[in-house]
Amino acid sequence: MTGLSSGGSRLLNPEQRMAMVPVTCAAHSGGFGWRGMRVEDYPDLPPSDIRCAGMNAHLLVYHTRALDGEFHHECADRTTRTRLRSGELSFIPARADNRWLFGEGRPCAIHVMIDEELFTRNVAQDGCNSPRDLRDDFQFTSPELQALVRLFALELANGGLNGPLYVEALGAALSHRIMREFGAPPPATNQGGPALDRAIELIHQEYYRAIGLDELAGLTGLSRAQFIRRFRAAFGKAPHAYLIDYRIAIARQRLRMPKPVSLVDLALELGFADQSHFHRHFRALTGASPAAFRRSQLT
């Protein structure tokens, strides 16, 4: 999770941010009447050192052509130095200060911004009272998010041809996917009540071992079928999927640590059968291998 904009400064809106960035935006959706959504096209970026205060909108960056060199990126309290690949994504949550520093290479990017309030409303429509904490991420791959950005970019290129309702639908889909990709694991207490809290507590404390459905259901006093239905209603996924998601969230934290960790050892510590098993689940949920993700986090 990123820190908030430093010094209590007033948050920028997307138009103010664009005016402060010392590069040329080739096209943007500011005149299309889109509420809470904005798309900007930066087709040929010169060497830059860009510092931006926190915005009142979440920012998803699609690196359509990567720089042939090192990117230096700071977001709130974290620094990343890496080499991007074309097609990768970066995510900057609302309120987070950030800095982009890069040299020659003329990279290209599409920026998609969604107002923080609109995002919260979209997520609430799926039964969440409020969005969980969102973390920044850099050098991220997600076929679903990439496809959504391409649709936004096409709508920008077509001058907003399909109208605001179409963009609202894209914005809702974008919100849900951002929540899935960059949201923190849900807290132990949820709408399932105390019975499910006991099952969630066991998963959080003993995620590294095989936990059976009968064991979890037994903690709640429910039958297997009742437990699965109640769990899905509370968390939007089956217990096993929740366990895997939680293990991968722990893996992300470990791979961000400066001290090297063996991927074989990490796989076993997390409860996976072997490194290959860990690799498959990690890639399925993040779009990158554990090794690639770790390289992207090196400072």
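Colleague: Before we start, what counts as a polar contact here?

Modeller: A polar contact is a pair of N or O atoms within 3.5 Å; within protein, one must be able to donate a hydrogen and the other to accept it. Please bear in mind that this is a predicted model.

Colleague: Which side-chain oxygen reaches the backbone nitrogen of Glu 117 at the start of α2?

Modeller: That oxygen belongs to Asp 115, and it comes to within 2.9 Å of the backbone nitrogen of Glu 117.

Colleague: Staying with α2, which of its residues are buried?

Modeller: Helix α2 covers residues 116-124, and Leu 118, Phe 119, Asn 122 and Val 123 are buried in it.

Colleague: Where on the helix do the buried residues of α2 fall?

Modeller: They line one face of α2, because their directions lie within an arc of 135 degrees when the helix is seen down its axis. In general, an α-helix has 3.6 residues a turn, so residues three or four places apart point the same way.

Colleague: And what covers them?

Modeller: The cover for the buried residues of α2 includes the strands β2 (37-42), β4 (57-65) and β9 (108-115), together with helix α4 (164-182).

Colleague: A change of topic. How do α8 and α10 cross?

Modeller: The axes of α8 (residues 239-256) and α10 (residues 275-286) come within 10 Å and cross at roughly 90 degrees. The two helices are therefore roughly perpendicular to each other.

Colleague: Which residues make the contact?

Modeller: From α8 there are Ile 244, Asp 245, Ile 248, Ala 251, Arg 252 and Leu 255. Helix α10 contributes Phe 278, His 281, Phe 282, Leu 285 and Thr 286. By class, the contact of α8 with α10 has 7 nonpolar, 2 polar and 2 charged residues.

Colleague: At what angle do α5 and α7 cross?

Modeller: Helix α5 (residues 194-205) and helix α7 (residues 224-235) cross at roughly 80 degrees, and their axes come within 11 Å. Leu 196, Ala 199, Ile 200 and Ile 203 of α5 meet Phe 227, Arg 230, Phe 231, Ala 234 and Phe 235 of α7. That contact has 8 nonpolar, no polar and 1 charged residues.

Colleague: Is the phi of Arg 95 positive or negative?

Modeller: Arg 95 has a positive phi of about 80 degrees, although it is not a glycine. Most residues other than glycine have a negative phi. Arg 95 is in the loop between β7 (89-92) and β8 (98-102), and it counts as partly exposed at 33% relative accessibility.

Colleague: Finally, how many helices and strands does the protein have?

Modeller: There are 11 helices and 10 strands, and 48% of the 299 residues count as buried.

Definitions and conventions: Residues are numbered from 1 along each chain as its sequence is written. This is a predicted model: local features need pLDDT of at least 70, side-chain atom pairs count only at pLDDT 80 or more; totals for chains, interfaces and linings use all residues. Side-chain values use heavy atoms; hydrogens and water are left out. Buried means under 20% relative accessible area, exposed over 50%, partly exposed in between (1.4 Å probe, protein chains only). Helices (H or I, at least four residues) and strands (E, at least two) are DSSP runs, numbered from the N terminus. The arc is that of the directions from the helix axis to the C-beta atoms. Contact means heavy atoms within 4.5 Å. Axes are lines fitted to C-alpha atoms, for helices over the stretch in contact, and angles run from 0 to 180 degrees between N-to-C directions. Angles under 35 degrees count as roughly parallel, over 145 as roughly antiparallel, 65 to 115 as roughly perpendicular and the rest as oblique. Ala, Val, Leu, Ile, Met, Phe, Trp, Tyr, Cys and Pro count as nonpolar, Asp, Glu, Lys and Arg as charged, and the others, Gly among them, as polar.
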